[in-house]
Amino acid sequence: MSTSRDLENPESRFSAILGSAARLPGVRIDRAAYLRRALARHCTDAEVQRAIELSPAAAGIPLEVLDRIANESINYETAKVSAFSAATGMPGILALPATVPADLAQYTGHVLRIAQKLAYLYSWPDLFSEDADLDDATRSVLTLFVGVMFGTQSANTAVGKVATMMSREVARKLPQKALTQGVVYPVVKKVAGYLGVQMTKQTFAKSVSKAIPVVGAVVSGGLTLATFRPMAKRLKNHLSGLDLAEPAPGVVIGEVVTVHDSPLHDPGRTA
């Protein structure tokens, strides 16, 4: 009974959605593997290794290179999540009890995937430990990232504060205290409550769109496409503008290779 009552709370509802999505196969991005694949065509081996050991900013990688890679990853994740959403809209109203929760979990999973990729490109540390469950600091920072994606100004401000803390201390880990009991934590709770409400609204809209077979697939996939890409771009723009992402001066980067964006090509794709 207590669990049921907890899930009626928007903050608890979002926390449960986040935790479930984080446990899905393929959601957690290996930071080192992603950066190695994403940067390999743009930088020397030594620069890639420095980016992995420290950060892309410490390696002096220009923001225009990181922005290009970020856009490719956004296109890739958008194509995948939109295709899945369209597929779950095919069966129609009889399959709603199964397809809507699956779509929400997959959607949130792709939100977490792109949030990690963007974070690693713009010099945030590894977000996941080897533990099966999210630790509190990672849960908090992912909540704030999703809040930025949903356009929450308080999340923007909080992410900026966390980034400033790490820049000042040249930290390679998230500031645990600030994210779990310090000045940022009240904002995390507020943002989680807001997201719980917003995701409930999105779920209702998608459930309506899936009620009609085939037509529902087109509408559902279109809704996902229309929301996911702008959300990812919003997070990209915010993270790229923080001091944490600013390339270190005096580092020479190798020749930048021009690549072509493709919604089905992700230079940092992990298995």
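This is a predicted model: local features need pLDDT of at least 70, side-chain atom pairs count only at pLDDT 80 or more; totals for chains, interfaces and linings use all residues.
Guide: A residue is called buried when its relative accessible area is under 20%, and exposed when that area is over 50%.

Visitor: Why is His-238 called buried?

Guide: The relative accessible area of His-238 is 18%. The cut-off for a buried residue is under 20%, and His-238 therefore counts as buried. His-238 lies in helix α11, which spans residues 215–240. Leaving aside residues up to four places away in sequence, His-238 touches Val-148, Asn-156, Val-159 and Gly-160.

Visitor: Is Ser-123 buried or exposed, and how do you know?

Guide: Ser-123 has a relative accessible area of 8%. A value under 20% defines a buried residue, so Ser-123 is buried. Ser-123 is placed in the loop between α6 and α7.

Visitor: What makes the phi of Ser-123 worth a remark?

Guide: The phi angle of Ser-123 is near 75°, a positive value, and the residue is not a glycine.

Visitor: Is Gln-153 buried or exposed, and how do you know?

Guide: Its relative accessible area is 53%. Exposed residues have a value over 50%, and Gln-153 is therefore exposed. Gln-153 belongs to helix α8, residues 153–169. From C-alpha to C-alpha, Gln-153 is 9.6 Å from Val-191, although the two are 38 residues apart in sequence.

Visitor: Why are α2 and α7 described as roughly perpendicular?

Guide: Helix α2 (residues 10–22) and helix α7 (residues 136–149) pack at an angle of about 105°. Angles of 65 to 115 degrees count as roughly perpendicular, so this description applies to α2 and α7. Their axes are 11 Å apart. The contact involves Phe-14, Ser-15, Leu-18 and Gly-19 from α2, together with Arg-139, Leu-142, Thr-143 and Val-146 from α7.

Visitor: Which residues of helix α4 are buried, and what puts them on the same side?

Guide: In helix α4, residues 45–53, the buried residues are Glu-47, Val-48, Ala-51 and Ile-52. These residues cover an arc of only 140° around the axis, and therefore they lie on the same side of α4. An α-helix has 3.6 residues a turn, so residues three or four places apart point the same way. Exposed residues Asp-45 and Ala-46 are carried by the face of α4 turned away from the buried side.

Visitor: What covers the buried residues of α4?

Guide: The cover includes α3. The buried residues of helix α3 (residues 31–39) are Arg-31, Ala-33, Tyr-34, Leu-35, Ala-38 and Leu-39. Leu-39 touches Val-48, Ala-51, Ile-61, Leu-66 and Ile-69, when residues up to four places away in sequence are not counted.

Visitor: Which residues have the most contacts inside the largest nonpolar core?

Guide: They are Leu-39, Trp-124, Leu-127, Leu-142, Leu-144, Phe-145 and Leu-239, in a core of 69 residues. Helix α6 (residues 96–121) contributes the most to this core, with 9 residues. In soluble globular proteins, nonpolar side chains tend to be buried together.

Visitor: How many helices and strands are there in the protein chain?

Guide: The protein chain has 11 helices and 0 strands. Of its 271 residues, 49% are buried.

Conventions: Residues are numbered from 1 along each chain as its sequence is written. Side-chain values use heavy atoms; hydrogens and water are left out. Buried means under 20% relative accessible area, exposed over 50%, partly exposed in between (1.4 Å probe, protein chains only). Helices (H or I, at least four residues) and strands (E, at least two) are DSSP runs, numbered from the N terminus. The arc is that of the directions from the helix axis to the C-beta atoms. Contact means heavy atoms within 4.5 Å. A nonpolar core is a set of buried Ala, Val, Leu, Ile, Met, Phe, Trp, Tyr and Cys residues joined through side-chain atoms within 4.5 Å. Axes are lines fitted to C-alpha atoms, for helices over the stretch in contact, and angles run from 0 to 180 degrees between N-to-C directions. Angles under 35 degrees count as roughly parallel, over 145 as roughly antiparallel, 65 to 115 as roughly perpendicular and the rest as oblique.
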